[in-house]
Amino acid sequence: MLTSLLGTTFLEFLQNEWLGLVASAIVLISFLTSNQIKTRIINMAGCIAFVIYGLLLPAYSTAIMNFALVVVHIVFLTRHFLKRRKEKNSEEEK
């Protein structure tokens, strides 16, 4: 059976590479949007794919960095939506 330097089969290697390419495409698409919220949501999906990709290889630095980016996106989006909810509630009270 064909094996790579890491001891995985050639088929597993190709599957991992496809996941990496899909993750890259998602990140690229995220930067083509004009809305910051859409950019963060789509980019977060790409980061999640890169976390999985990094764990499968294993390339832990890739997985850790992209996991950190997912956390950053979640914090930003949570703050954004909480702020919008607070503004909406204050408008309704008037």
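This is a predicted model: local features need pLDDT of at least 70, side-chain atom pairs count only at pLDDT 80 or more; totals for chains, interfaces and linings use all residues.
Residues are numbered from 1 along each chain as its sequence is written, and side-chain values use heavy atoms, with hydrogens and water left out.

**Overall architecture**

- The secondary structure comes to three helices and zero strands, and from the N terminus on the elements run α-α-α; helices (H or I, at least four residues) and strands (E, at least two) are DSSP runs, numbered from the N terminus.
- Of the 94 residues in the protein, 28% are buried, where buried means under 20% relative accessible area, exposed means over 50%, and partly exposed lies in between, with a 1.4 Å probe and protein chains only.
- Among contacts (heavy atoms within 4.5 Å) between residues at least 6 apart in sequence, 48% join residues at least 24 apart.

**Nonpolar cores**

- The largest nonpolar core has seven residues, namely A23, V27, A49, F50, Y53, L57 and A59; a nonpolar core is a set of buried Ala, Val, Leu, Ile, Met, Phe, Trp, Tyr and Cys residues joined through side-chain atoms within 4.5 Å.
- The elements that give two or more residues to this core are α1 and α2 (36-56), and the largest share, three residues, comes from α2.
- Apart from this core lies another, of five residues, among them M44, C47, V70 and L77.

**Helix α1 and its surface**

- F10 has its place in helix α1, which covers residues 10-30, and F10 counts as partly exposed because its relative accessible area is 43%.
- Together with L14, W18 and L21, F10 forms a nonpolar patch on the surface, with about 440 Å² of accessible area in total.
- Patches are made of residues with over 30% relative accessible area and no salt bridge, with like charges joined within 9 Å and nonpolar side chains (Val, Leu, Ile, Met, Phe, Trp, Tyr) within 5 Å; a salt bridge is a side-chain nitrogen of Lys or Arg within 4 Å of a carboxyl oxygen of Asp or Glu.
- V22 also has its place in helix α1 and, because its relative accessibility is 42%, V22 counts as partly exposed.
- V22 and Y53 lie 31 residues apart in sequence, with 10.0 Å between their C-alpha atoms.

- P58 is found in the loop between α2 and α3, and the peptide bond from L57 to P58 is cis, with omega near -5°.
- The 34 residues of helix α3 (residues 60-93) should span 50 Å at 1.5 Å a residue, and the end C-alpha atoms are 49 Å apart, which agrees; the expected span of a helix is 1.5 Å times one less than its number of residues.
- A63, N66, V70, H73 and L77 are the buried residues of α3, and what covers them includes α2.
- S61 lies in helix α3 and counts as exposed because its relative accessibility is 59%, while S61 and V51, 10 residues apart in sequence, are 9.4 Å apart from C-alpha to C-alpha.
- L69, likewise placed in helix α3, counts as partly exposed because its relative accessibility is 32%, and the C-alpha atoms of L69 and M44, 25 residues apart along the chain, are separated by 7.4 Å.

Note on methods. Accessible areas come from the Shrake-Rupley method with a 1.4 Å probe; for residues, only the protein chains shown count as cover.
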